[in-house]
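Here's a quick briefing on a protein model. Take a look at the fold first, then follow the notes below.

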Amino acid sequence: APNKWYGGIRGADGAVYGMPYNAPGVLRVVPADDADDVRVEILGDYGVGGYKWHGGTLHKKEGKIYAFPSHADSLLVVDTCPSMERSPERLVRLPVPEAPSVRPANIKGYRWAGGLVGADGAV
């Protein structure tokens, strides 16, 4: 599938995370000085295709990346704190209520195209 991941966000653990757009899971790249020591892994399994999440943003205070739903029906939260590396709670999906829209009824995707952490700390 083309367009596997959308964006790259550096997490609190120093790894770079790609949010799954058409890929089955979150891409995690742990950089290293020597290319042979770079670690690459896929976290989660959300199926191939679907234009799921459209990038994300790191909430530095929490150490969590919030990925914005494009065609997915949920917000994807990736906890990048080093203490969460092997935790099953590292990846969480939060339901997002359907918001009123001006888009045609036959268009089901493209809910959000990005976001950020505001001055009030909210995403």
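Strand 2 and strand 3 (residues 26–30) pair up antiparallel, with three bridges between them. Two strands count as paired if DSSP finds at least two bridges between them, and the strands themselves are DSSP runs (E, at least two residues), numbered from the N terminus. Keep in mind that this is a predicted model, where local features need pLDDT of at least 70 and side-chain atom pairs count only at pLDDT 80 or more, while totals for chains, interfaces and linings use all residues. Residues are numbered from 1 along each chain as its sequence is written, and side-chain values use heavy atoms, with hydrogens and water left out.

**Strands and hairpins**

- Strand 2 covers residues 16–20, and four of its five residues are buried. Buried means under 20% relative accessible area, exposed means over 50%, and partly exposed is in between (1.4 Å probe, protein chains only).
- On one side, strand 2 runs antiparallel to strand 1 (residues 5–10), and four bridges join the two.
- Look for Arg 10, which stands opposite Val 16 in strand 2.
- Strands 1 and 2 make a hairpin with five residues between them, and Gly 14 in the turn has a positive phi of about 90 degrees.
- Strand 2 also joins strand 3 in a hairpin, again through five residues.
- Tyr 17 has Arg 28 in strand 3 as its bridge partner.

**Salt bridges**

- How many salt bridges does the structure hold? There are eight, counting a side-chain nitrogen of Lys or Arg within 4 Å of a carboxyl oxygen of Asp or Glu.
- Why do such pairs form? Side chains of opposite charge can pair when their charged atoms come close.
- Arg 28 forms a salt bridge with Asp 13, and their closest N and O atoms are 2.9 Å apart. That pair links distant parts of the chain, 15 residues apart: Arg 28 sits in strand 3, and Asp 13 in the loop between strand 1 and strand 2.
- Is Arg 28 buried or exposed? Arg 28 is buried, at 3% relative accessible area, whereas Asp 13 is partly exposed at 24%.
- Glu 85 and Arg 39 meet through their side chains in another salt bridge (2.8 Å, N to O). Glu 85 is in the loop between strand 7 (74–79) and strand 8 (91–95) and Arg 39 is in strand 4, so this pair ties together parts that are 46 residues apart in sequence.
- Both ends of that pair are partly exposed: Glu 85 has a relative accessible area of 26%, and Arg 39 has 36%.
- Asp 73 and Arg 93 form a salt bridge too (3.5 Å, N to O). Asp 73 lies in the loop between strand 6 (64–69) and strand 7, with Arg 93 in strand 8, so the pair ties together parts 20 residues apart in sequence.
- Asp 73 is exposed at 53% relative accessibility, while Arg 93 is partly exposed at 40%.
- Salt bridges with shared partners join Asp 13, Arg 28, Arg 39, Glu 41, Glu 85, Arg 86 and Arg 90 into one network.

**One more loop**

- Asp 34 lies in the loop between strand 3 and strand 4 (39–43).
- Asp 34 is partly exposed, with a relative accessible area of 40%.
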